Amino acid sequence: MKAVEGMARLRAARLAGALILAVAMGTGCAARWAYHQGQAAAEKGNWDLAVARLTRALDKDSKNIGYKIALESARIQASRHHYEQAKKQLAANDLLKAAEELQIASNYDP
């Protein structure tokens, strides 16, 4: 009887270990997927989406220095993009839209 209980405990421990491993791998996969989506958005010049996806990747894997660097780069590029949009709106005498674009730019890179 004790042998059966021991086997049941071993089986439960293995199952728990497998579950923990699956969750850890799933988190890593989710982070990599978000990172690749962010990189794809950046390649297309869609900086807002790139920042959102890279932020998600970093949320999933906060210790990944590559994700941190990619996110910081995307934030700077998003800020530059919105700053350029603000200048265009200012030239078009749309002060409200220019102010909105400058606010977005400063949110990305104060």
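The protein, seen here as a predicted model, has 4 helices and 0 strands.

Biologist: Are helix 3 and helix 4 roughly parallel or roughly antiparallel?

Modeller: Helix 3 covers residues 65-91 and helix 4 covers residues 95-108, and their axes lie 8 Å apart. The two helices pack at an angle of about 165°. Angles over 145 degrees count as roughly antiparallel. Helix 3 is therefore, relative to helix 4, roughly antiparallel.

Biologist: How many nonpolar, polar and charged residues does the contact of helix 3 with helix 4 have?

Modeller: From helix 3 the contact includes Ala78, His82 and Tyr83, which belong to the set that meets helix 4. Among the residues on the helix 4 side are Leu95, Glu101 and Tyr108. By class, the contact has 10 nonpolar, 4 polar and 3 charged residues.

Biologist: Which element gives the largest share of the largest nonpolar core?

Modeller: This core has 16 residues, of which Trp47, Ala50, Val51 and Ala74 touch the most other members. Two or more residues come from each of helix 1 (2-43), helix 2 (47-60) and helix 3. The largest share is 6 residues, and the element that gives it is helix 2.

Biologist: Which residues does Trp47 touch, not counting those up to four places away in sequence?

Modeller: Trp47 is one of the core residues that touch the most other members. With residues up to four places away in sequence left out, the residues that Trp47 touches are Ala42, Ala74, Gln77, Ala78 and His81.

Biologist: Why does Ser62 count as partly exposed?

Modeller: Ser62 lies in the loop between helix 2 and helix 3. Buried means under 20% relative accessible area and exposed means over 50%, with partly exposed in between. Ser62 falls in between because its relative accessible area is 45%.

Biologist: How far apart in space are Ser62 and Ala31, C-alpha to C-alpha?

Modeller: In sequence, Ser62 and Ala31 are 31 residues apart. In space, from C-alpha to C-alpha, the distance between them is 9.4 Å.

Biologist: What percentage of the residues in the protein is buried?

Modeller: A residue counts as buried if its relative accessible area is under 20%. The protein has 110 residues, and the buried ones make up 21%.

How values were computed. Residues numbered from 1 in each chain as written. Predicted model: local features only at pLDDT ≥ 70, side-chain atom pairs only at ≥ 80, totals over all residues. Heavy atoms only, no water. Axes fitted to C-alpha atoms, helices over the stretch in contact; angles between N-to-C directions. Parallel < 35°, antiparallel > 145°, perpendicular 65-115°, else oblique. Contact = heavy atoms within 4.5 Å. Nonpolar A, V, L, I, M, F, W, Y, C, P; charged D, E, K, R; others polar. Core = buried A, V, L, I, M, F, W, Y, C linked by side-chain atoms within 4.5 Å. Buried < 20%, exposed > 50% of the residue type's maximum accessible area, 1.4 Å probe, protein only.
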